[in-house]
Amino acid sequence: MQRNGGGGGGGGQPWVLRRVRLTWLSFMLFFILVFFPLIAHYYLTTIDEAGGPDKRIFGPRPGGELCEAKHVQDLCRIRESVSEELLQLEAKRQELNGEIARLNLRIEACKRSIDSAKQDLLQLKNVISQTEHSYKELMAQNQPKLSLPVRLLPDKEDPGLPPPKSARSCRLRSCFDYARCPLTSGFPVYVYDTGSYAWGDYLDPLVKQAFAASVKSNIYITDNPGIACLYLVLVGELQESASPAPSPLELEKQLKALPYWRSDGHNHVLVHFSRKSMTQNFLYNVSTGRAAVAQSTFLEQQYREGFDLVVSPLVHALSEPNFLEVPPQVPVKRKYLFTFQGERVESLRSSLQEAPPQSFEEEMEGDPPADYDDRIVGTLKAVQDSHLDQVLVEFTCKNPQQSLPTEWALCGEREDRLEVLKASTFGLVIAPGDGQLVASAGCGMRLFEALEVGTIPVVLGDHSRLPYHQFIRWSEAAIIVPKPRVTELHFLLRSLSDNDMLAMRRQGRFLWETYFSTTENVLNTLLASIRTSIQVPAAPIKEEPAHEIPHKAGKMAGTDANLADNGDLDLGPVETEPPYASPRFLRNFTYTAAETYRTWNRAPGPFHLFPHTPMDPVLPSEAKFLGSGTGFRPIGGGTGGSGKEFQAALGGNVPREQFTVVMLTYEREEVLMNSLERLNGLPYLNKVVVVWNSPKPPSDDLLWPDIGLPIVVVRTEKNSLNNRFLPWDAVETEAILSIDDDAHLRHDEIMFGFRVWREARDRVVGFPGRYHAWDVNHQSWLYNSNYSCELSMVLTGAAFFHKYYAYLYSYVMPQAIRDMVDDYINCEDIAMNFLVSHITRKPPIKVTSRWTFRCPGCPQALSHDDSHFHERHKCINFFVKVYGYMPLLYTQFRVDSVLFKTRLPHDKTKCFKFI
């Protein structure tokens with residue numbers, strides 16, 4: 001037991017010894033691994049610092065001692081080799097970086113080329129689409145080209161038409177030979193020389209002279225009686241001091257003796273112009289056969305409705321009226337509400353002193369005819385005595401002029417009557433008491449004088465025939481009431497609004513200026529009424545011949561990307577085919593026959609045939625898809641769309657068309673060339689007409705840019721700003737973009753303006769807006785170019801307008817306005833705005849936010865002169881005086897594209913990027 005126990009105790013000692021040895025061994029290893037390196041490091045460091053720089057072990061040695069060792073030399077060679085390789089790699093890296101930069105530039109150029117190719121491809125697709133449309137339209141047309149009808153000339157031995165049952169039953173259908181007046185005849189008129197017939201010596205010399213002067217200037221007059229459609233014979237007015245006029249029988253013989261009377265006088269018009277209120281109606285008992293009568297006085301049994309013509313008196317025989325002396329149309333209400341001055345020559349039944357009957361019904365029940373003039377006198381006197389309104393009525397005259405029986409004679413001299421009318425809002429015209437007298441020179445004279453000074457005529461007697469009543473709608477310029485309503489006349493006149501009165505006054509001014517003011521106008525109106533009755537179109541209005549200045553084109557013009565930037569959208573097809581003109585004279589017959597009312601009652605009147613007008617009717621939307629689609633280019637083929645579909649077609653309500661740029665310039669060749677070059681690539685551009693306003697021709701070495709379209713340089717007769725608006729025959733489109741040579745417009749702005757104008761063809765559509773302001777201190781108008789929320793003018797230095805207005809500006813607008821433009825070398829843009837607003841009674845349309853359009857760095861223009869604005873103030877007030885009122889109207893909006901500032905889905909694009 002003890003051995004085992006002792007063995008157990010003695011066996012534990014070796015284990016303890018092994019454990020001690022392991023502990024000691026671990027300690028020694030830790031000491032060696034930790035402290036020995038520290039002691040060695042300290043020792044070596046101390047020796048290296050104490051030995052100096054020459055005996056350092058680890059420090060760098062001077063010179064190449066380190067490389068003296070063989071292995072160190074190998075290391076140096078390796079270092080040099082590595083350094084050389086690193087230099088080569090750096091050079092290679094720089095070379096690769098340069099190549100990468102060059103490739104990046106090529107990539108950018110390729111991207112631009114791709115974008116340009118895409119634009120070209122899109123344009124080509126549009127052109128192809130346009131061409132396909134045009135081809136289909138040509139193939140679908142089934143209307144043959146018609147030649148002009150053969151002109152029918154009368155036979156010299158023409159026996160005439162079968163005579164009517166009575167001369168009283170003559171109408172155009174039975175007494176006029178239409179065969180002599182084909183629609184394409186041009187309406188030739190032959191005028192008999194007053195010295196070729198016997199009673200020519202009896203005519204008033206002033207009337208003969210005025211008539212002869214008007215005949216010379218008339219475009220319809222022909223010297224060849226064989227081709228004449230109409231024959232005019234002047235038969236009056238007779239001079240007062242002449243010997244007794246021929247008897248009716250003698251006059252009939254003299255008429256039948258006319259060389260082209262042809263037994264019955266068909267297609268003849270006997271013209272009697274009256275200068276006095278008492279005119280000789282010596283044709284009353286004369287059988288005129290098939291000849292029509294045109295005069296101021298007619299009895300009911302003498303007048304043939306629809307055949308004979310009631311004409312206006314010839315007041316201004318050889319003198320021209322001074323339009324500047326015509327009183328203004330405003331204020332609307334004048335001193336007197338109405339006036340009347342006259343004395344009845346002969347009463348039918350009662351005198352002025354008799355009391356008027358109790359009622360008109362009592363008069364109508366009696367056997368004798370009712371004498372309404374007595375009731376009129378009593379009623380008007382009662383209105384005057386009531387003093388409710390200031391009126392002037394006088395029924396006796398100191399020196400009454402001679403007049404027909406039952407007619408109210410004119411009082412005093414013409415100048416005195418005009419002074420009274422100038423102070424009258426309304427002027428009474430009382431028809432003759434004899435109902436058989438349907439037209440009289442006295443009433444015509446009163447009507448003429450009232451219209452001349454802006455007094456609204458009030459015609460008492462609805463049975464009267466006013467001049468050219470078949471065509472003129474007198475109810476728009478005069479108040480026509482039957483005589484039984486005289487008791488309600490005062491109430492009626494007081495109930496009219498200022499708007500209605502001014503509209504009637506303005507219409508009366510138009511009628512007076514257009515039809516009655518001069519002998520030339522009277523003759524033109526007479527011929528126009530006959531021509532309209534037989535449905536022959538008027539003569540085409542004159543075009544201004546463009547005398548072209550030869551010039552040579554230089555290099556192909558570039559395109560400034562800033563001018564045409566519209567994002568990814570194309571602005572429209574650039575026409576690769578020859579430019580196409582707007583259709584002309586498509587409505588010759590309808591304009592004459594179907595629009596008689598508008599042509600006679602709206603400016604400029606029926607005297608001209610225009611190739612096209614901005615008022616032509618528009619087809620309904622479905623017509624372009626159901627048989628009448630020639631020329632139309634609907635957006636998306638009719639389905640609509642956003643930007644890309646919008647730019648691929650013109651759309652709108654009228655067929656496709658182009659526009660012409662008319663650019664006025666004066667000795668600024670460099671500025672002009674830059675402006676022309678900016679037009680390169682502009683869609684829908686037909687041509688550019690440069691109006692060379694300088695007497696000096698362009699430089700011989702001047703190279704004009706080649707923009708791919710014709711540039712026509714027009715020589716002018718004189719330096720005039722009016723040349724901007726001449727209707728040049730080189731302009732073959734309805735749309736004209738009038739632009740200054742220093743105007744700076746982007747292509748997208750021009751295209752947007754063109755699209756807007758297509759929807760408002762009768763208005764001026766442009767960019768810089770101005771307005772007319774009222775000067776309270778001087779009671780006059782001022783021209784203002786400040787920023788304003790209202791505008792009334794768009795400057796034509798950058799504006800679209802219809803060529804129709806170029807005709808009106810040059811040939812219809814009063815000459816005094818064009819003269820002032822030449823005197824000041826200014827204000828032509830104001831004059832055009834006045835004209836368009838006067839014709840349409842609408843303001844212009846401003847597009848985009850642009851308020852100015854001058855290019856930076858261009859030479860100073862005339863508009864920067866200090867006197868520029870003072871002259872424009874004077875122009876506005878002068879133009880108002882000529883027109884008689886202020887035609888300009890205010891507008892408070894401008895036009896931007898439909899999707900401008902609209903949030904769109906990612907698959908849609910805007911119509912224009914910046915508009």
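This is a predicted model: local features need pLDDT of at least 70, side-chain atom pairs count only at pLDDT 80 or more; totals for chains, interfaces and linings use all residues.

Biologist: Which residue forms a salt bridge with Asp822?

Modeller: A salt bridge here is a side-chain nitrogen of Lys or Arg within 4 Å of a carboxyl oxygen of Asp or Glu. For Asp822 the closest N and O atoms are 3.3 Å apart, and the partner is Lys718. The pair links distant parts of the chain, 104 residues apart, with Asp822 in helix α21 (residues 815–824) and, in the loop between β20 (711–715) and β21 (735–740), Lys718.

Biologist: Which helix holds the partner of Arg724 in its salt bridge with Glu828?

Modeller: The side chains of Arg724 and Glu828 meet at 3.4 Å, N to O. Arg724 counts as buried because its relative accessible area is 6%, and Glu828 is buried with 7%. Helices (H or I, at least four residues) and strands (E, at least two) are DSSP runs numbered from the N terminus. Arg724 sits in the loop between β20 and β21, whereas Glu828, 104 residues apart from it, lies in helix α22.

Biologist: How far apart in sequence are the parts that Arg417 and Glu449 tie together?

Modeller: These two side chains form a salt bridge of 2.6 Å, N to O. Arg417 lies in helix α9 (residues 414–422) and Glu449 in helix α10 (residues 441–452), so the parts tied together are separated in sequence by 32 residues.

Biologist: What handedness does the disulfide of Cys827 and Cys875 have?

Modeller: A disulfide is a pair of cysteine sulfur atoms within 2.5 Å, and in this pair the sulfur atoms are 2.0 Å apart. Cys827 lies in the loop between α21 and α22 and Cys875 in helix α23 (residues 867–883), 48 residues apart. The torsion about the S-S bond is about 85°, so the disulfide is right-handed.

Biologist: What is the S to S distance between Cys170 and Cys175?

Modeller: Cys170 counts as buried at 0% relative accessibility, and Cys175 is buried with 0% as well. With -85° about the S-S bond, the link is left-handed. The S to S distance of this disulfide is 1.9 Å.

Biologist: At what angle do helices α12 and α13 pack?

Modeller: The contact (heavy atoms within 4.5 Å) is made by residues including Tyr515 and Phe516 of α12 and Val522 of α13. Axes are lines fitted to C-alpha atoms over the stretch in contact, and angles run from 0 to 180 degrees between N-to-C directions. The axes of α12 (residues 498–516) and α13 (residues 519–533) lie 6 Å apart, at an angle of about 85°.

Terms used
Residues are numbered from 1 along each chain as its sequence is written. Side-chain values use heavy atoms; hydrogens and water are left out. Buried means under 20% relative accessible area, exposed over 50%, partly exposed in between (1.4 Å probe, protein chains only).
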